[in-house]
Amino acid sequence: MISVKDVSYTYMTGTPFEKVALKNISFDAADGEVLAITGHTGSGKSTLIQLVAGLIKLTSGTVEIDDLPVADKKNRRSVGIVFQYPEHQLFEETVERDIAFGPRNFGLSDAEISARVDEAMRQVGLDAGLKKSSPFELSGGQRRRVAIAGILALKPKYLILDEPTAGLDPLAKENLLREIFGDVKKSGVTIILVSHNMDDVARFANRVIVLAQGGILFVGTPRELFARDEILSRAGLEPPPVTKLLRTLGITSTALTPDEAEKIILRTFGHDK
Ligand SMILES: Nc1ncnc2c1ncn2[C@@H]1O[C@H](COP(=O)(O)OP(=O)(O)OP(=O)(O)O)[C@@H](O)[C@H]1O
Ligand SMILES: [Mg+2]
């Protein structure tokens, strides 16, 4: 379990550029859950996940992973984080070497490394035939997958993804999400998904945290969130398209998927299915 208690964070304290990024943040992420973090640009999402991953030093409050401080040696391998546009960090000559980079630093055997590379490529839907290719001859979507595979190959217990589908075309985005939330999730990994996209939050998250100006504005299920128009508008977020459709038709209940919206519409207009 990830347990965040009373975390605040200020950038450039004591300078004229001082900026409070987070204020009194507390939440837990239970094992096996998909927790979405959303909020307007600048609301503190990336700062928060970097604190949770132990990449920036806590100055107030605590982050515990499996009951130990995030900075504890035992937690060094617990959290894997995929930054926004992670493909910009690829640098090895081949796809295989890039994905193997982390596991190699762990000092694993060649056989174990090779097994992890194969498994991670499968998990993100990369064809095994691309192993010897240079990451630079791949498409943007494929490069993104290589970068994510490099984190999965570390077999983190907790996986944090910062806008993993930003900039991908709709088909690549859909496939990547299906792979992450199908195969990867099945392996029992706890996922924290940072996303602006309420449709993705609706489809994949068990719970969602809404940040606004560095504070928590809302914690609950996606369905609870989409029923709270005032929270969405305060956070500068739009409900998912299926819920918007229902509102346009004058229906106040909330749908998370097109199928669910269809049932509600048929029921409302008297064509029971
Ligand atoms: N390195 C930094 N130095 C100073 N201020 C920073 C730094 N990084 C972020 N901030 C400020 O902290 C606040 C929170 O930023 P953060 O990047 O966490 O927001 P975010 O929710 O991830 O935004 P986005 O949706 O645009 O990615 C913003 O006001 C930002 O300007
Ligand atoms: Mg960010």
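Modeller: In this predicted model, the side chains of aspartate 200 and lysine 173 meet in a salt bridge, with 2.9 Å from N to O. The pair links distant parts of the chain, since aspartate 200 belongs to helix α6 (residues 198-204) and lysine 173 to helix α5 (residues 170-186), 27 residues apart. Aspartate 200 counts as buried because its relative accessibility is 2%, and lysine 173, at 16%, counts as buried too, because the cut-off for that word is under 20%. Both residues also belong to a network of salt bridges that links Lys173, Glu174, Arg178, Asp200 and Arg203. In general terms, side chains of opposite charge can pair when their charged atoms come close.

The structure holds 19 salt bridges, and one of them joins glutamate 119 to lysine 155, where the closest N and O atoms are 2.7 Å apart. Glutamate 119 sits in helix α3 (residues 110-123), while lysine 155 sits in the loop between α4 (140-152) and β7 (158-162), so this pair ties together parts that are 36 residues apart in sequence. Here glutamate 119 is partly exposed, with a relative accessible area of 27%, and lysine 155 is partly exposed as well, with 42%. A further salt bridge is formed by glutamate 238 and lysine 244, whose closest N and O atoms are 2.5 Å apart; lysine 244 counts as partly exposed, at 36% relative accessibility.

Oxygen atoms of ligand 1 lie 2.8 Å from a backbone N or O atom of glycine 42, 3.0 Å from a backbone N or O atom of glycine 44, and 2.9 Å from an N or O atom in the side chain of serine 46. Taken alone, ligand 1 exposes 630 Å², of which the protein buries 65%.

Phenylalanine 269 is placed in the segment after α10 (258-268) and counts as partly exposed, at 46% relative accessibility.

Methods:
Residues are numbered from 1 along each chain as its sequence is written. Chains are lettered from A and ligands numbered from 1 in the order in which they are written. This is a predicted model: local features need pLDDT of at least 70, side-chain atom pairs count only at pLDDT 80 or more; totals for chains, interfaces and linings use all residues. Side-chain values use heavy atoms; hydrogens and water are left out. Helices (H or I, at least four residues) and strands (E, at least two) are DSSP runs, numbered from the N terminus. Buried means under 20% relative accessible area, exposed over 50%, partly exposed in between (1.4 Å probe, protein chains only). A polar contact is a pair of N or O atoms within 3.5 Å; within protein, one must be able to donate a hydrogen and the other to accept it, and residues adjacent in sequence count only if both atoms are side-chain atoms. Accessible areas come from the Shrake-Rupley method with a 1.4 Å probe; for residues, only the protein chains shown count as cover. A salt bridge is a side-chain nitrogen of Lys or Arg within 4 Å of a carboxyl oxygen of Asp or Glu.
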